[in-house]
Amino acid sequence: MSEVRKVVIVGSGPAGFTAAVYAARAKLEPVVIEGIQAGGQLMLTTEVENFPGFVDGIMGPELMESMRKQAARFGTEYITDNATSVDLSTKPFTVTTSEGTIRSLSIIVSTGASAKMLNVPGERELLGHGVSTCATCDGFFFRDQELLIVGGGDSAMEEAIFLTKFASRVTVVHRRDSLRASKILQERAFANDKIHFLWNSAITEITGNGKVSGTRIVNLMTGEESDVAAGGVFVAIGHTPNTELFQGQLELDGGYIKTSGSTTETSVPGVFAAGDVVDYRYRQAITAAGMGCMAAIDAERYLEATQH
Ligand code: NAP
């Protein structure tokens, strides 16, 4: 693409697709660099019950496919590839993928966040073979098995409760002796007979020959180590914003892109950011979608003000 685009959207979760719907309807002819796997984190979920408008809930992937089609209906173009670099130091800005470089007058960053890992031996090798960061995606494969889930936040509790639908026993491994999760989720987890807790504990190794069979766990208070058998290990210890592409180019705050006041403006005029790449507080599909809408409106106003 040799012409200069009005807006390029990097990332394709609820924020990116909503920005695309608004930008396309504003005749900004957006290009979405949607990544190799489009749709963001909702592609890793099953039922979404809290997205307004769906009385009976909707499956995450179905919701994302609808958003994608809705943006396409108004003329959004998609590049199904990852952005490999960006240059925000000169205008027009450039975004590069393996297919080439796109120039654009404005950019909306909606690259989301990725699951944090434990970084212990065995984890990477066994990812997808018993190690998972998404209970809702993979729980089904662990019928009648004993599972471990790491973390003490809302995600860990929500996923532990979900896993009890399939597993014979779910043990929460948490590094402290109290949970960070909201009281309502704590109460539900404590009341569930299938959920057990290993407090003040950390997994130091995940073992298995091609498939998870167990873990080595250390008690952080006593230093005592033990082998705990498990058919699966679910890691639910939070997320890291996907901001590597923008390091040194956009101002970040704790890794997340910093935006100005209640707008989606970043430290570079003409570059806007929306969704989980900015938002460490709410991290909901609906808040990401709302921010995507804001980013498109901010980009539209920026283009109006700077184009003569
Ligand atoms: P989180 O709130 O950051 O919790 C992460 C948990 O993992 C914490 O308990 C933390 O321990 C533990 N942890 C972090 N790094 C670790 C490591 N290297 N090894 C072992 N444990 C580690 O993340 P989250 O649960 O994914 O939630 C993120 C946000 O989404 C929160 O604001 C949450 O409220 C929200 N959320 C809401 C819902 C809901 O309302 N239904 C569902 C899911 C998520 P410490 O407690 O010791 O720090």
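Guide: The second largest pocket is lined by Asp-253, Tyr-256, Ile-257, Lys-258, Thr-259, Val-278, Asp-279, Tyr-280, Arg-281, Tyr-282, Thr-287 and Met-291 (a pocket is an open set of points on a 1 Å grid over the protein atoms alone where a 1.4 Å probe fits, with protein on both sides within 12 Å along at least five of seven lines; lining residues have an atom within 4 Å of a point). The model is predicted: local features need pLDDT of at least 70 and side-chain atom pairs 80 or more, while totals for chains, interfaces and linings use all residues. Residues are numbered from 1 along each chain, and side-chain values use heavy atoms, without hydrogens and water.

This pocket holds about 190 Å³ of space (the space filled by probe spheres on the joined grid points). By class, the lining has six nonpolar, two polar and four charged residues (Tyr counts as nonpolar).

Turning to the helices, the axes of H1 (residues 14-25) and H2 (residues 60-73) come within 8 Å and cross at roughly 20° (lines fitted to C-alpha atoms over the stretch in contact; angles run from 0 to 180 degrees between N-to-C directions). Pro-14, Phe-17, Thr-18, Ala-20, Val-21 and Ala-24 in H1 meet Met-64, Met-67, Arg-68, Gln-70 and Ala-71 in H2 (heavy atoms within 4.5 Å). Eight of these residues are nonpolar, two polar and one charged.

Key: Helix = DSSP H or I, 4+ residues; strand = E, 2+ residues; numbered from the N terminus.
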